Amino acid sequence: MIAYHGSAELKEQMVAAAVRHRELEILAKGCGYWDGSNGCAVGCSIETVNRLRGENYDHDDHGAFEPALGVPYVLARLQDGLFESLPAEHRQAWPERFFAAIPVGADLSGVGDRFMHYLLVDPTEGVLRFARNDEQRTAIMRVAALYERRIAGNVVGKEEWEVAAAAAYAADACSAAVCAAVYAAYAAAAAAAADDAAAYAADDAAAYAADADAAAYAADDAAAYAADDAAADADAADADADAAAARVRQAEKLLELMAGER
């Protein structure tokens with residue numbers, strides 16, 4: 001599978017359509033993919049594919065990116081999740097930047113793995129820095145090590161991913177509240193274990209990573225990691241801002257990884 005099936009014209013068409021959608025203010029968060037006149041990043045992208053190629057893909061079919069554009073399913077999921085969670089000032093240009101970053105003819109099959117590894121153990125952005133004890137650090141590193149093996153070209157069996165996911169999930173029990181950092185590792189392992197279906201979990205991992213980032217800067221206590229309203233309003237507002245900023249950084253990293261493929 002190669003990006004845009006090697007067609008520079010197809011890339012130009014996708015970028016131009018995304019620019020047009022932004023200029024016409026067609027792009028909309030939380031609109032249910034496509035309502036006939038407005039759509040999210042994926043919904044508008046598939047509407048463009050259907051018009052260009054005479055296809056009839058469902059507008060919520062992330063898998064259509066593979067046969068139509070040569071772009072892996074996991075990247076379609078990430079395009080979707082990032083669009084929905086980016087701050088407004090970044091959201092509208094996201095689809096055009098996504099398509100513009102992909103080199104014509106590139107093999108993008110390894111981008112998802114490298115992005116997951118970055119989410120887990122990058123020295124600046126990885127959730128490893130939010131682990132609260134040795135059990136959590138070990139759980140996160142275990143998932144990262146499996147991704148390292150796959151990035152190196154080795155096969156990692158489904159059972160290994162499932163064991164790593166279970167260990168990451170269990171590691172949360174050693175803290176008083178939900179630890180978003182460990183949940184990021186769990187989602188990353190689940191993404192690999194469930195094969196194509198798990199591209200859902202790929203963006204879950206990115207979202208948990210952003211939540212972990214927000215928690216560390218917002219309150220520095222267990223409440224900021226929990227999925228409840230325990231934090232004070234001021235802390236919650238700060239957490240939202242920090243999570244949004246983390247999502248911007250994730251988007252930039254994804255663009256960097258895609259652009260670097262040939």
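pLDDT is the predictor's confidence in each residue, on a scale from 0 to 100. This is a predicted model, in which local features need pLDDT of at least 70 and side-chain atom pairs count only at pLDDT 80 or more, while totals for chains, interfaces and linings use all residues. Residues are numbered from 1 along each chain as its sequence is written, and side-chain values use heavy atoms, with hydrogens and water left out.

**Figure 1. Overall fold and confidence.** The protein has 13 helices and zero strands. Helices (H or I, at least four residues) and strands (E, at least two) are DSSP runs, numbered from the N terminus. Mean pLDDT is 81, and 79% of the residues reach 70 or more. Confidence is highest in helix 6 (residues 94–101), at a mean of 98, and lowest in helix 12 (residues 222–225), at 30. Over residues 214–234 pLDDT stays under 50, and the model has 28 contacts beyond four places in sequence for them. A contact means heavy atoms within 4.5 Å. Where pLDDT is low, the predicted coordinates should not be read in detail. Of contacts between residues at least 6 apart in sequence, 65% join residues at least 24 apart. Buried residues make up 50% of the 262 residues. Buried means under 20% relative accessible area, exposed over 50%, and partly exposed in between (1.4 Å probe, protein chains only).

**Figure 2. Helix 1 against helix 2.** Helix 1 (residues 8–23) and helix 2 (residues 41–53) pack at about 130°, with axes 10 Å apart. Axes are lines fitted to C-alpha atoms, for helices over the stretch in contact, and angles run from 0 to 180 degrees between N-to-C directions. The angle makes helix 1 oblique to helix 2. Angles under 35 degrees count as roughly parallel, over 145 as roughly antiparallel, 65 to 115 as roughly perpendicular, and the rest as oblique. Helix 1 contributes Leu10, Gln13, Met14, Ala17 and His21 to the contact, and helix 2 contributes Cys44, Ser45, Thr48, Val49 and Leu52. By class, the contact has six nonpolar, four polar and no charged residues. Ala, Val, Leu, Ile, Met, Phe, Trp, Tyr, Cys and Pro count as nonpolar, Asp, Glu, Lys and Arg as charged, and the others, Gly among them, as polar.

**Figure 3. Helix 4 against helix 6.** Helix 4 (residues 73–85) and helix 6 pack at about 150°, with their axes 10 Å apart. Helix 4 is therefore roughly antiparallel to helix 6. Leu75, Gln79, Leu82 and Phe83 of helix 4 meet Trp94, Pro95, Phe98 and Phe99 of helix 6. Seven of these contact residues are nonpolar, one is polar and none is charged.

Figure 4. Helix 7 (residues 111–121) is mostly covered, with nine of its eleven residues buried. Among them are Phe115, Met116, Tyr118 and Leu119. Arg132 sits in the loop between helix 7 and helix 8 (134–151). Arg132 counts as partly exposed because its relative accessibility is 34%. The C-alpha atoms of Arg132 and Asp172 are separated by 9.7 Å, although the two residues lie 40 apart along the chain.

**Figure 5. Two tyrosines with positive phi.** Tyr4 is not a glycine, yet its phi is positive, at about 55°. Tyr4 lies in the segment before helix 1. At 0% relative accessibility, Tyr4 counts as buried. Tyr33, in the loop between helix 1 and helix 2, has a positive phi near 75°. Tyr33 counts as partly exposed, at 23% relative accessibility.
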